[in-house]
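Hi,

Here is the structure I promised to pass on, with my notes below it. Have a look at it first, then read on.

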Amino acid sequence: MKISIRDIPLKGKRVLVRVDYNVPLELDKATNSYVVTDQTRILETLDTLKYLIDQDAKIILISHLGRPKGKKNTKESLAPVAPLLSGLLGTKVKFIGDCIGPEVDKEKESLKEGEVLLLENTRFYAGEEKNDPEFAKALASHIDVYVNDAFGSAHRAHASTEGVCHFIKQKAIGFLMEKELKYLGEELKDPQRPFVVILGGAKVSDKIEVINKLLEKADCLLIGGAMAYTFLLTMGHKVGKSLVETDKKAVAQEALEKAKERKVKFLLPIDHLVAESIDFEQRIAKTLEFTAAIDIPEQRLGVDIGPQTMEAYRKEIITAKTLLWNGPMGIFEIPGCEKGTFSIAKSIAENPSAVSIVAGGDSIKALHRSGLSDRVSFISTGGGATLDFLKGKVLPGIESIPDK
Ligand SMILES: Nc1ncnc2c1ncn2[C@@H]1O[C@H](COP(=O)(O)OP(=O)(O)OP(=O)(O)O)[C@@H](O)[C@H]1O
Ligand SMILES: O=C(O)[C@H](O)COP(=O)(O)O
């Protein structure tokens with residue numbers, strides 16, 4: 001058991017809290033400013049933050065947002081989180097446009113008991129992802145206690161999740177981290193069967209390797225999203241202009257063989273929604289139409305699963321005893337391409353007696369949009385972190401917090 005914030009005195013201490021506020025932002029054209037479109041990850045940290053405020057701690061929040069690769073930009077600034085968090089906590093959350101340096105140190109020093117300061121995106125510095133000790137040391141300056149409540153980032157050995165721990169003596173996990181570990185650990189250690197995993201999304205390179213591990217635990221895998229096309233391509237199907245990672249074909253082949261060997265059902269889309277092109281800026285899919293077959297025409301790209309696939313996946317979902325869903329089935333952000341993803345949410349809702357776990361920023365956003373969030377057993381705030389946890393991998397963000 002990890003040391004929790006309940007286990008240490010916090011009054012008057014400067015507490016650096018690593019949260020995962022890697023939340024989706026959208027430009028609000030009316031105000032020309034970015035707004036948070038899914039607050040889940042923020043809401044889930046409120047218990048920890050309220051507790052720290054009650055304990056008269058001086059709270060300094062750090063997080064990453066997006067993948068800015070060491071460069072500052074407004075699109076990935078944490079600034080829009082501050083007013084939102086102020087409202088949710090009922091206390092002013094001050095924001096400063098940097099996360100290290102003399103200005104930040106001054107703010108840290110002048111912080112009073114119960115006050116909350118939010119720092120800028122740690123990934124605006126290359127030192128974050130490189131886990132640079134100098135950068136980690138700068139994050140740790142003027143800090144008494146480090147709290148990791150960022151389960152979603154625990155699989156990253158970055159300066160704010162791992163490196164910083166070498167410069168701060170007292171460390172603990174927050175309530176969100178505790179909940180995630182308890183839930184995912186208990187429910188999925190020895191899952192009730194059939195255990196059905198639904199995987200989709202764009203991060204093919206992240207997830208395709210995870211599939212190999214899940215094949216050792218799950219009874220059935222339902223594949224959607226962009227990663228499905230890499231598998232279909234590997235099997236010799238035509239995928240047109242769909243998003244694929246050709247360098248992952250060998251891994252895909254290995255997974256297909258392993259599924260066969262272990263007698264794990266491995267379902268891929270049998271029909272698709274395709275488009276001529278996608279304009280992500282305008283959120284428009286040109287010439288949407290269903291293919292009645294697995295192959296995708298040359299000049300088209302797959303943007304969602306088709307109706308036959310939805311029904312095939314539904315059949316597996318409604319008879320499962322344990323369900324895990326990570327990643328949308330299509331480019332659900334674009335109007336007209338959301339039906340496949342919503343159909344997964346609906347099918348899960350049809351099976352209330354199963355333990356259902358949904359993980360991943362976009363999957364959660366889609367779940368909320370479908371209005372069925374209250375029909376799942378547990379919503380994990382982790383995407384890659386949850387999958388790594390399932391693989392039994394050591395998560396650096398958890399490892400660096402000592403046991404009781
Ligand atoms: N067919 C497709 N072609 C291109 N992009 C797709 C396709 N299907 C889904 N996507 C994109 O995948 C993205 C989500 O993938 P991602 O792996 O980030 O899922 P997630 O649930 O947020 O999990 P995580 O938290 O691990 O990131 C969405 O932006 C969606 O548009
Ligand atoms: O959204 C996530 O899974 C976490 O915030 C980690 O983000 P990353 O995949 O960009 O490291």
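Which domains does the domain assignment give for the chain? There are domain 1, covering 5-176, and domain 2, covering 183-391. Before you go further, please keep in mind that this is a predicted model.

**The two domains**

The C-alpha centres of domain 1 and domain 2 are 31 Å apart. The domains do touch: 14 residues of domain 1 are in contact with 11 residues of domain 2. If you sort the domain 1 side of that contact by class, you get four nonpolar, six polar and four charged residues.

**The ligands**

The residues around ligand 2 are D20, N22, R67, G152, S153, R156, G361, G383 and G384. By class, that shell has six polar and three charged residues, and no nonpolar ones.

Ligand 1 has 20 residues around it, and the ones that come nearest are G201, A202, G360, D362 and G383. You'll have seen G383 already, as it is also among the residues around ligand 2. The shell around ligand 1 splits into six nonpolar, 11 polar and three charged residues. Which elements each supply at least two residues of that shell? They are β16 (301-305) and α13 (361-370). Of the elements, α13 gives the most, with three residues.

**Helix pairs**

I also looked at how some of the helices pack. Two packed helices are described by the angle between their axes and the distance between the axes.

The axes of α12 and α13 come within 9 Å and cross at roughly 75°. Angles of 65 to 115 degrees count as roughly perpendicular, so that is what α12 and α13 are to each other. The contact is made by T341, F342, A345 and K346 on the α12 side, and by A366, L367 and S370 on the α13 side. Those residues divide into four nonpolar, two polar and one charged.

Helix α12 (residues 339-349) also packs with helix α11 (residues 307-317): here the axes come within 9 Å and cross at roughly 25°. Are α11 and α12 roughly parallel or roughly perpendicular to each other? Angles under 35 degrees count as roughly parallel, and therefore α11 and α12 are roughly parallel. The crossing in which α11 passes α12 is right-handed. From α11, the contact takes M310, Y313, R314 and I317, and from α12 it takes G340, S343, I344, S347 and I348. By class, this contact has five nonpolar, three polar and one charged residues.

The last pair is helix α9 (residues 227-234) and helix α10 (residues 249-262), whose axes come within 9 Å and cross at roughly 80°. With that angle, α9 and α10 are therefore roughly perpendicular to each other. On α9 the contact involves T230, F231, L233 and T234, while α10 brings in K249, A252, Q253 and L256. Sorted by class, there are four nonpolar, three polar and one charged residues in the contact of α9 with α10.

**Two backbone details**

Finally, a couple of spots in the loops. Where does P194 lie? You'll find P194 in the loop between α7 (175-189) and β9 (195-199), and the peptide bond leading from R193 to P194 is cis, with omega near 0°. The other spot is N32, in the loop between β2 (25-28) and β3 (33-36). N32 is not a glycine, yet it has a positive phi of about 55°.

Cheers

Note on methods. Residues are numbered from 1 along each chain as its sequence is written. Chains are lettered from A and ligands numbered from 1 in the order in which they are written. This is a predicted model: local features need pLDDT of at least 70, side-chain atom pairs count only at pLDDT 80 or more; totals for chains, interfaces and linings use all residues. A residue is near a molecule or strand if its C-beta atom, placed from the backbone, lies within 6 Å of it. Helices (H or I, at least four residues) and strands (E, at least two) are DSSP runs, numbered from the N terminus. Ala, Val, Leu, Ile, Met, Phe, Trp, Tyr, Cys and Pro count as nonpolar, Asp, Glu, Lys and Arg as charged, and the others, Gly among them, as polar. Domain bounds come from an automatic or database domain assignment. Two residues are in contact if their C-beta atoms, placed from the backbone, lie within 7 Å. Axes are lines fitted to C-alpha atoms, for helices over the stretch in contact, and angles run from 0 to 180 degrees between N-to-C directions. Angles under 35 degrees count as roughly parallel, over 145 as roughly antiparallel, 65 to 115 as roughly perpendicular and the rest as oblique. A crossing is left-handed if the near helix is turned anticlockwise from the far one by less than a right angle, and right-handed if clockwise.
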